[in-house]
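Keep the viewer open while you read.

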Amino acid sequence: MSPELIIALFAAAVQAGTPILFATLGEIVSEKAGVMNLGVEGVIALSAFAAFVVCHLTGSAWLGLLAGGLAGTLLCGLHSLVCQVFLGNQVVSGLALTLFGVGLATFLGTPYVGQATEGFGKIAVPLLSDIPVLGPILFRHDTLVYLGYIAPVAVWFLLNRTSLGLGLRAAGEMPAAAAAAGLNPQRLRAFGVLAGGFLCGLGGAYLSLAHTHLWTTGLSGGRGWVAVALVIFAFWRPGRAVIGALLFGGVMAFQLRLQASGTNIPSSLLLMLPYALTVIVLVFSAARARERSGASAAPAALGVNIEPEG
Amino acid sequence: MDERKHTGSPLGTPHGARPDARTDIGTDLGIGDVLPQVRLTGVTKRFGNVLANDGISLSIMPGRIKALLGENGAGKSTLMAMLAGRFKPDEGRIEVAGKAVDFASPREAIAAGIGMVYQHFMLVENMTVAENVLLGQEGGFFLNPAEMRRVVGGLAERYGLPIDPGARVGDLSMGERQRVEILKLLHRESQVLIFDEPTAVLTPLEAEALFAALRAMSAQGKAIVFISHKLEEVLSVADEIAILRRGRIEGEFLASEVHSPAELARRMVGRDVVLEIDRDEVSAGRMVLDVKHLSGEGLEDVSLDLKRGEILAIVGVAGNGQQQLVEVVCGIAEPQAGEVSILGKSWADFFHSRGWKGELAWIPEDRAGLATGRGLSLTDNLLLTTREGFAHGQWLERGRASETTRGIVRDNDVRPGRIEAQAWQLSGGNLQKFVLGRELYREPRLIVAEQPTQGLDVSATEAVWQRLLESRRTAGVLLVTGDLSEALQLADRVAVMFRGRVMGLFPVTDTAQVERIGSLMAGLRD
């Protein structure tokens, strides 16, 4: 492989990893607050459509992005309602959310299949993009990729350096302790779910506005599930989420290149590659988590609804 | 102190009251001009028809450590839950710094300066000490971990509570975790700190450190309430002692007035007769339990025996080896040293070939957790210990089990009378009557009953006592109780335990010995 090809592959990995990164970060925020959201796949599908339609109708990529984020927030609001108000099972509600989101996106999107939209174009960052190797890999992308550079830092800062993040983590670890400290764990959890939904929505918006620039059914393509798995791989840490997203983005980009290069490996086998990697990564991270029990484990009250008192 | 300020407590003269003004302290009056930090007047709380707290009046003074002493189920926790804003009293008033309060939630109690250290810590294990202490009190949107550690470290130093503010709580010992809980209250500037059985989870060394911290906090003007049933530690740390028994304050005095743990034990267990019960004689039969020189697991050279037709009561302050003895007799723990024979067989033989019927029945103290499954119907709960009686290989005769359950429910007047009801839907008394009926259905020859009437109302207590007395015809009963009047009414003989030893074993008719029970419970043989 020539150096140019390798650089192009890495650049493609960054791009393919960005939507997964947003979704993973969103799920981390939600799970840190104690709410497991298995509806990421549905959230991505619906927000990708919302972003596409708004951008298509208004011509503004930024409005489209906002619509994507809000669609994610709205859909996760449903999850919050089911789990927090009606005390529904988080797993069941999440699975329903996936079916609902994917189905609704497909249904509403039928008239638009194959239509294109402007979306976000590529902007080379002055100076930085001229750095050899790193420039083409990191700094010749669309705006959303750059946003993806900031997002993990922002999420880390929110969780670890603000009182809101501290309360949010307490709500996910031990809601009773948060309540005893005078906080409202239900509200903190709702914030986590909604903010997480917004981030997932940005990931969905990326797919239609920056990745394909057109609407097609099945755009989410299992990325939501990969994000759910990556949260575990990342030990609920934004920094490790970046590594995971790049890894998966890389495999996705790699198998595309391989298909394009006309190899005689069956394409369905290549398409399977990222998901096979998901399984392998989960096995390894489970083993590692067992080794270093404690500090890296899941939030203690993850998936456990807060029962009303009395 | 001013003699003329003497007024009687609303409950009449407290147990052991002396005509000097010192007895007033805390009962209903403050010390001289000092305003009580918290003052309770006639506080009453009922759960169903169980009177958990009955007209309690108490003053909690700044700069003093008040011990609230009582057996399990005496109403200590209910009283403190009302102070912490978790329950509302049915009657009576609570004043904080002279103003009447009516807490709607724990948050309001915290805001009023009342802080509680529960037995089960309210800590986030995955966070640091500093994060736990400052949770909800960060004082700004952005956090500065170094500054947080400095604040918490400074606080810890001021009150002599050594701790690493950067450590993860999950890595700390129980004693250190308790310090984190205390720091939380200190940071909130709580004026009243309530400790619910704080030494239960501590090593003796950690307990010493806690007492030092309590004294340091009280020296800085905090009002401290210390709930316990351990006599020595109450005497060593408290300024004032209030005794709670069956929901009432049965006496309040200065710690310096109490001359020995024995005196305290006597005051704590009391001799009040709750109800009289007819007790016909049953002639003693064969030996059902014979324990010789049992040691290990906190027991030291325990010897006792029990015959059919007899009730042997084990009395003592909770935590003096009763639990370990029961666990050995019921087959949970293997005897380490010494001999235990049950129904004429050695311990190993008995538990190796144990049948469900005609042998051993256990009525554990934890009737809602150990004796029954809370989400199971009464029929399923019956099957928990009797399933062998309804089984044909892998198949259960549910029809017959339901019929039997219905019979038990009817005969023992368990309400509600539906056998489909789940265990948690029954009140404590009804659940206990059901458990007793179930265990007696097994026609046991040895019955182990632990605190069988704890927290029950009078009618349920009477029903339980009646069944235990009846069962003497076919069985020997080992009754473990913290309630001396229960022991003296039911038992033929009494064994007093202290620190894993049997301090004395004598018939209840031996009045001279019975008078000494208080001393024996405190470990004094003279």
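Predicted model: local features only at pLDDT ≥ 70, side-chain atom pairs only at ≥ 80, totals over all residues.

## Loops, helices and contacts

L87(A) is exposed, with 12 other C-beta atoms within 10 Å. Residues are numbered from 1 along each chain as its sequence is written, while chains are lettered from A and ligands numbered from 1 in the order in which they are written.

Back to L87(A), which sits in the loop between α3 (61–85) and α4 (90–109) of chain A. Helices here are DSSP runs of H or I with at least four residues, strands are E runs of at least two, and both are numbered from the N terminus. The phi of L87(A) is near 55 degrees, a positive value in a residue other than glycine. Most residues other than glycine have a negative phi.

Chain B has a case of its own. D413(B) isn't a glycine, yet has a positive phi of about 55 degrees. Look for D413(B) in the loop between α12 (398–411) and α13 of chain B. D413(B) is partly exposed, with 13 other C-beta atoms within 10 Å.

Two packed helices are described by the angle between their axes and the distance between the axes. The axes are lines fitted to C-alpha atoms, for helices over the stretch in contact, and the angles run from 0 to 180 degrees between N-to-C directions.

| Pair | Axis distance | Angle |
|---|---|---|
| α1(A) (residues 3–32) and α6(A) (residues 143–161) | within 9 Å | roughly 20 degrees |
| α1(A) and α10(A) | 8 Å | about 55 degrees |

The angle makes α1(A) roughly parallel to α6(A), whereas α1(A) and α10(A) are oblique to each other. The cut-offs are under 35 degrees for roughly parallel, over 145 for roughly antiparallel and 65 to 115 for roughly perpendicular, with the rest called oblique.

Handedness comes next: α1(A) passes α6(A) in a left-handed crossing. A crossing is left-handed if the near helix is turned anticlockwise from the far one by less than a right angle, and right-handed if clockwise. On the α1(A) side, the contact with α6(A) includes V14(A), L21(A), F22(A) and L25(A), and among the α6(A) partners are L144(A), G148(A), A151(A) and V155(A). Contact means that the C-beta atoms of two residues, placed from the backbone, lie within 7 Å. By class, this contact of α1(A) with α6(A) has twelve nonpolar, three polar and one charged residues. Ala, Val, Leu, Ile, Met, Phe, Trp, Tyr, Cys and Pro count as nonpolar, Asp, Glu, Lys and Arg as charged, and the others, Gly among them, as polar.

With α10(A), α1(A) makes a right-handed crossing. Residues of α1(A) in that contact include P19(A), I20(A), A23(A) and E27(A), and those of α10(A) include R223(A), V226(A) and A227(A). The contact of α1(A) with α10(A) divides into nine nonpolar, two polar and three charged residues.

Is R223(A) buried or exposed? R223(A) counts as buried, with 30 C-beta neighbours inside 10 Å. This arginine lies in helix α10 (residues 223–233) of chain A. Leaving aside neighbours within four places in sequence, R223(A) is in contact with P19(A), I20(A), A23(A) and I44(A). R223(A) and T24(A) are 199 residues apart in sequence and 9.6 Å apart in space, C-alpha to C-alpha.

Over in chain B, V435(B) lies in helix α13 (residues 428–441). V435(B) is buried, with 31 other C-beta atoms within 10 Å. Not counting residues up to four places away in sequence, V435(B) touches I363(B), R367(B), A371(B) and T372(B).

Finally, the two chains meet: 19 residues of chain B are in contact with 20 residues of chain A. Helix α2 (residues 106–111) of chain B gives the most to the chain B side, with three residues.

How values were computed
Buried ≥ 20, exposed ≤ 12 C-beta atoms within 10 Å, placed from the backbone.
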